[in-house]
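Reader: Let's go through this one together. Here it is, and then I'll start asking.

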Amino acid sequence: KAKSNHLGEYVFYNQKMQDSFNERMVIESHLRDAITNQEFSLQYQPQVNLHNGETYGFEALIRWNNPELGFVSPLTFIKVAEDCQLIIPIGEWALRTACVFIKNIHDQGYEGYRVSVNISVVQLMQDAFTSMVLTVLEETGLSPEYLELEITESIIMESLERNISKLQLLREKGIAIALDDFGTGYSSLSYLRQLPITTLKIDKSFIDSFLGRNGDISITSSIISVGHDMGLEVVAEGVELEEQLSLLKELKCDKVQGYFISKPIPSNEVVNWIESQVMGD
Ligand code: C2E
Ligand code: MG
Ligand code: MG
Ligand code: MG
């Protein structure tokens, strides 16, 4: 009995591996034509300054709608795109689209708004990464101070020195660099000091832990102190409730993003959002 049970689990495990392998193959094959077929779009999530309540920018978040697969979450397809290097053209598409978009917002008279774009470590590792970014800025006419790149702590695991010098160069051009999902990865404070970053984004999981019976603000509170000591701005992501917002204000967090402010919105709703904020909504 034990044996067949063991065998059963073994078969099940392999079936699961086979299924996920097949799913990845299917996603990969559809991803190959997704740019050409214009299946990607970007949504924009407002980012608000807690000190004055104003929207200062938007995070660009990619969306993929495939005729056969329907909407596929970036949490699923970005990983596949990274493994097959398709993240390189897809990431460049996202950067260019976001820069064109925010430049257009400025040109409509809404000046000063910034756009944040997520960058995969696979993109960063390309020799041509920095020149790609600078070329996109040149071609779109967006001034570097309006661009922020969001990277994750995984850059620490991959060619650290070379990645740091690329980021350093982009910093010197005036581009902001945020460390995304902070607190979930490999960060040690000594690495943090080496990174040429401007911003820490506290991961949603820490903001979630404010709530409930064992409500805990200690990690968030420490991240904010360390960030400020290092001269960084601190953003909280995934703020869903007023209670979280007011705690973050008390903790002197600089900026917030989350469903409580707004979900990510389609590009054609961004001007309306800005107008509603200016009117003091
Ligand atoms: P991220 O950069 O950490 O983005 C935050 C994610 O949390 C987004 O999910 C956003 O829609 C979601 N979110 C924001 N506020 C709230 C909230 O209050 N509650 C909840 N439950 N969720 C919230 P999304 O758009 O599904 O993106 C997931 C991840 O995919 C992103 O995490 C980012 O790592 C990656 N991603 C998205 N777009 C791109 C892209 O253009 N390039 C790359 N390389 N990665 C991307
Ligand atoms: Mg992000
Ligand atoms: Mg994040
Ligand atoms: Mg996250």
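Reader: Let's start with Q38. Where does Q38 lie?

Author: Q38 lies in the loop between α1 (2-31) and β1 (40-49). Helices (H or I, at least four residues) and strands (E, at least two) are DSSP runs, numbered from the N terminus. Keep in mind that this is a predicted model: local features need pLDDT of at least 70 and side-chain atom pairs count only at pLDDT 80 or more, while totals for chains, interfaces and linings use all residues. Residues are numbered from 1 along each chain as its sequence is written, chains are lettered from A and ligands numbered from 1 in the order in which they are written, and side-chain values use heavy atoms, with hydrogens and water left out.

Reader: Are E59 and E150 buried or exposed?

Author: Both are buried.

Reader: And where does N118 lie?

Author: In strand β4 (residues 114-118). N118 is partly exposed, with a relative accessible area of 29%. N118 touches E59, A60, L61, Q123, E150 and D180, leaving aside residues up to four places away in sequence. Contact here means heavy atoms within 4.5 Å.

Reader: Now the other ion. What coordinates the magnesium ion (ligand 3)?

Author: D180 (OD), D181 (OD), E237 (OE) and E237 (OE), at 2.1 to 2.4 Å. Those donor residues are spaced D-D-x55-E in sequence. Ligand 3 and the magnesium ion (ligand 2) are 3.8 Å apart, with D180 coordinating both. D180 lies in strand β6 (residues 176-182) and E237 in the loop between β8 (233-236) and α10 (242-250), so the two tie together parts 57 residues apart in sequence. D180 and E237 are buried.

Reader: On to helix packing. At what angle do α3 and α5 pack?

Author: Helix α3 (residues 87-107) and helix α5 (residues 129-140) pack at about 30 degrees, with their axes 10 Å apart. Axes are lines fitted to C-alpha atoms, for helices over the stretch in contact, and angles run from 0 to 180 degrees between N-to-C directions. That makes α3 roughly parallel to α5; angles under 35 degrees count as roughly parallel, over 145 as roughly antiparallel, 65 to 115 as roughly perpendicular and the rest as oblique.

Reader: Which residues make the contact?

Author: From α3, E92, L95, R96, C99, V100 and K103; from α5, M132, V133, V136, L137, E139 and T140.

Reader: How do α5 and α6 cross?

Author: At roughly 20 degrees, with the axes of α5 and helix α6 (residues 160-172) coming within 10 Å. α5 and α6 are therefore roughly parallel to each other. The contact involves F129, T130, V133 and L134 of α5 and K166, L169 and L170 of α6.

Reader: Last one: what does S267 touch?

Author: L42, Y44 and F101, not counting residues up to four places away in sequence. S267 and L42 are 225 residues apart in sequence and 7.1 Å apart in space, C-alpha to C-alpha. S267 sits in the loop between β10 (265-266) and α11 (270-278), and S267 is partly exposed, with a relative accessible area of 35%.

Terms used: Buried < 20%, exposed > 50% of the residue type's maximum accessible area, 1.4 Å probe, protein only. Donors = N, O, S within 2.8 Å, 3.2 Å for Na, K, Ca; no water.
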